[in-house]
Amino acid sequence: MTIILRREIDGLKKMICSLSAYVEENLQMAATAIADRDIELAKKVLKRDVEVDDREIEVEEECLKILALHQPVANDLRYIVTVLKVNNDLERIGDLAVNMAQVAVWLADRGSLEIPYDLCALAGKVRKMLADSLDALMERNDELAEGVMSADDEVDEVNRENYGVIRAAIREQPQEMKRLIMMLRVSHYLERIADHATNIAEDVIYMVNGEIVRHQKGEEKS
């Protein structure tokens, strides 16, 4: 690897690390805004989305520039391809955090409502999955990535349970149907973020050992 390529890959690592931290913070703020009915915090997430989009474009352009100018191979090529894919997942997570913030704004003007499931616990599980998947990327740690993939089943199960809880709550409080449905959407948004964290973990495994594990969930791997 040339000195110039090494320097540009190091710069790319800093860019994806900065975007990762920014998206993680947006997710945490969005979940807190819903739990605490904090409309100002929710609006902050909405304003920051432009920055997420701008950084996502910058990372993509940097990846394409490195590919075009240096034609990297082997580990370097796998790393850049992985960053391209992770970059897209981070942008999608940012969009889902915006969706959550929009729910927080919508709920804030409609009186108090007891959330019928443990939002903080679910959000905490999802944030940990995201943090672990990104740590796995930075550390090239496939074992940590495998742990994220395992945790996805638990989040899926919680989301299914929340669907049943919301249905029961609607039967008991039909007048609150709209707000309860919005809380069901929040559970779904968190489940989708967990899916994107799992995508990142799968891409890390590919980056580390060249094994493509996507679409193998639930199957025995050789």
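I started with helix 4 and helix 6, which are roughly parallel to each other (angles under 35 degrees count as roughly parallel, over 145 as roughly antiparallel, 65 to 115 as roughly perpendicular, the rest as oblique). The model is a predicted one, where local features need pLDDT of at least 70 and side-chain atom pairs count only at pLDDT 80 or more, while totals for chains, interfaces and linings use all residues. I number residues from 1 along each chain as its sequence is written, and side-chain values use heavy atoms, with hydrogens and water left out.

For helix 4 (residues 119–139) and helix 6 (residues 177–209) I got an angle of about 20°, with the axes 9 Å apart. Axes are lines fitted to C-alpha atoms, for helices over the stretch in contact, and angles run from 0 to 180 degrees between N-to-C directions. Helices are DSSP runs (H or I, at least four residues), as are strands (E, at least two), numbered from the N terminus.

I listed the contact (heavy atoms within 4.5 Å): helix 4 brings residues including Leu-119, Val-126 and Leu-137, and helix 6 brings residues including Met-183, Ile-193 and Met-207. By class I have 19 nonpolar, 3 polar and no charged residues there. Ala, Val, Leu, Ile, Met, Phe, Trp, Tyr, Cys and Pro count as nonpolar, Asp, Glu, Lys and Arg as charged, and the others, Gly among them, as polar.

Next I checked helix 4 against helix 5 (residues 142–172): about 160°, axes 9 Å apart. That makes helix 4 and helix 5 roughly antiparallel to each other. Among the residues in this contact are Lys-125, Asp-132 and Glu-139 of helix 4, and Asp-152 and Glu-154 of helix 5. The contact of helix 4 with helix 5 divides into 10 nonpolar, 2 polar and 6 charged residues.

Is Arg-179 buried or exposed? Arg-179 sits in helix 6 and counts as buried at 10% relative accessibility (buried is under 20% relative accessible area, exposed over 50%, partly exposed in between, with a 1.4 Å probe and protein chains only). Leaving out residues up to four places away in sequence, I found Arg-179 touching Trp-106, Leu-107, Arg-110, Gly-111, Ser-112 and Leu-113.

Last, the whole chain. I counted 6 helices and 0 strands. Its C-alpha trace spans about 65 × 40 × 20 Å along the principal axes. Buried residues make up 44% of the 222 residues. Of the contacts with a separation of 6 or more, 83% join residues 24 or more positions apart.
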